[in-house]
Amino acid sequence: MHRASPSARFSPVRRPIQAVAACLLAFALCWGWTAAAAAQTRVKDLVTFDGVRRNQLVGYGLVVGLNGTGDRLINTPFTEQSLKGMMERLGINTRGETLRTRNAAAVMVTTSLPPFPRQGTTVDVTVSALGDATSLLGGTLVVTPLLGADGEAYAVAQGPLSVSGFSAGGAAATVTKGVPTTARIANGATVERELKFALNDIGAVRMALRNPDFTTAIRIADAVNGRLGAGNARVVDLTTVDVRITGGYVGNVSRLIGEIEQLAVRPDGVARVVVDERSGTIVIGDDVRVSRVAITQGNLTVRVVEAPQVSQPQPFSNGSTVVVPRTDVQVQEGNGRQFVTVGGNVSLQQLVNGLNALGVGPRDMVAILQAIKAAGALHADLEII
């Protein structure tokens, strides 16, 4: 007689358990892999390469064709001088003449030159009013040379403006949306002078960390050495990592940089809390830790109301009308505030939960964080911007 084995007898129960265990294991592995992958960042997003950067250009120009919203020439003499100079270069004599127009405005034109620009490449430009123009809507920028830090012209800008804001109003009221005195021109500047830089002639690739940190620099050097071989990458300081160009990468530096950019590294940094007091924005880093403290927060509100009253004299008297000040001051202090204890060496989530338990707004949290920092319990840099 055939007898079922123990494994066969319990198989209907064990199979679901095994399946659940397998699913949990797979989920744990996937979650762990995802978390590890999410913590890694491409070297491309952590560093900039020496010589591969944008260059700022600036120029002074005129915008014409405005619908009476340009500079008042009596208030902006530089606009009048620029108009006369432009018209004289075009063969129109304006000496001794007084210009009375509000259809032109003096502007500054700015842009950034991309790395390795070629002659004929077009870039976007930003146009900003200099004088008292109220709007640049409908204007056209006249030919404007754009200069680099060395004083040389590298591009020329011209074209119709694109303004996102507007302003309208009458004698008693004005409505303004956005900033109508700033505009952009898509592909408005053409590169006329190329930058002299031969990437393949350099002997080493130098990387500069966007967020200087020794640990991150060492991890980047280790990742590069793991790819190219030991000794090729060297940490110079907390900002700089040098990579030698050897083997098949000599004369092919672009491929070397491209491969380095795709390496994945887990960045590190100093724990930091950044506070913007103007907007009440608080950003707390994941590595922020707080020692055990007890916190309570007051809610003192002072209300001052001025209600002056007019005192009239009796009829046919010699008195005069006077204004008598009346000030109402109310002081209110919040009730029910209790101490909240934030445990020792807590994580970011525990810190946020502890602060939320106080029921305070972002601006009060700023004061609490400053007090925790003053007490020596906040183990992070507190940066107020």
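Which residues are exposed on the other side of helix H2? I will come back to that in a moment, but please keep in mind throughout that what we have on the screen is a predicted model.

Let me begin with the protein overall, which has 385 residues, of which 29% count as buried. Its secondary structure comes to 6 helices and 25 strands. If we take the contacts between residues at least 6 apart in sequence, 69% of them join residues at least 24 apart. The protein exposes about 24,000 Å², and carbon and sulfur atoms supply 54% of that area.

Now to helix H2, which covers residues 77–89 and therefore has 13 residues; at 1.5 Å a residue it should span 18 Å, and the distance between its end C-alpha atoms, 18 Å, agrees with that. The buried residues in H2 are Thr-79, Glu-80, Ser-82, Leu-83 and Met-86. Looking down the axis of H2, these buried residues fall within an arc of 165 degrees, so they line one face of the helix. They pack against three strands, namely E3 (55–64), E4 (104–113) and E6 (140–147). As for my opening question, the residues exposed on the other side of H2 are Gln-81 and Arg-89. After the helix comes Gly-91, whose phi is positive, near 90 degrees.

Strand E3, one of the packing partners of H2, is also where Tyr-60 sits. Tyr-60 is partly exposed, since its relative accessible area is 34%, and together with Phe-78 and Leu-130 it makes a nonpolar surface patch of about 250 Å².

Let me turn to charged pairs. Side chains of opposite charge can pair when their charged atoms come close. A search of the whole structure finds 12 salt bridges, and I will go through a few of them.

In one of these, Arg-95 pairs with Glu-88, with the closest N and O atoms 4.0 Å apart. Arg-95 counts as exposed because its relative accessible area is 69%, whereas Glu-88, at 36% relative accessibility, counts as partly exposed.

Another salt bridge joins Arg-193 and Glu-152, whose closest N and O atoms are 3.2 Å apart. This pair links distant parts of the chain, 41 residues apart: Arg-193 is in the loop between strand E10 (182–191) and strand E11 (204–209), and Glu-152 is in the loop between E6 and strand E7 (153–160). Arg-193 is partly exposed at 37% relative accessibility, and Glu-152 is partly exposed at 35%.

Elsewhere in the model, salt bridges that share partners join Arg-206, Arg-234 and Asp-242 into one network.

Staying with helix H4, its buried residues are Val-253, Leu-256, Ile-257, Glu-259, Ile-260 and Glu-261.

Asn-252 is found in the loop between strand E13 (240–244) and helix H4 (253–261). Asn-252 is partly exposed, with a relative accessible area of 29%. Although Asn-252 and Asp-201 are 51 residues apart in sequence, they are 9.5 Å apart in space, taken from C-alpha to C-alpha.

I will finish with two backbone details. Phe-116, in the loop between E4 and strand E5 (122–129), has a positive phi of about 50 degrees although it is not a glycine. With a relative accessible area of 30%, Phe-116 is partly exposed. Asn-187, which is found in strand E10, has a positive phi of about 55 degrees, and it is not a glycine either.

Definitions and conventions
Residues numbered from 1 in each chain as written. Predicted model: local features only at pLDDT ≥ 70, side-chain atom pairs only at ≥ 80, totals over all residues. Heavy atoms only, no water. Helix = DSSP H or I, 4+ residues; strand = E, 2+ residues; numbered from the N terminus. Buried < 20%, exposed > 50% of the residue type's maximum accessible area, 1.4 Å probe, protein only. Contact = heavy atoms within 4.5 Å. Areas by Shrake-Rupley, 256 points an atom, 1.4 Å probe, with all protein chains shown as cover. Expected span 1.5 Å × (residues − 1). Arc of directions from axis to C-beta. Patch = residues over 30% accessible without salt bridge, like charges linked within 9 Å, V, L, I, M, F, W, Y side chains within 5 Å. Salt bridge = Lys/Arg side-chain N within 4 Å of Asp/Glu carboxyl O.
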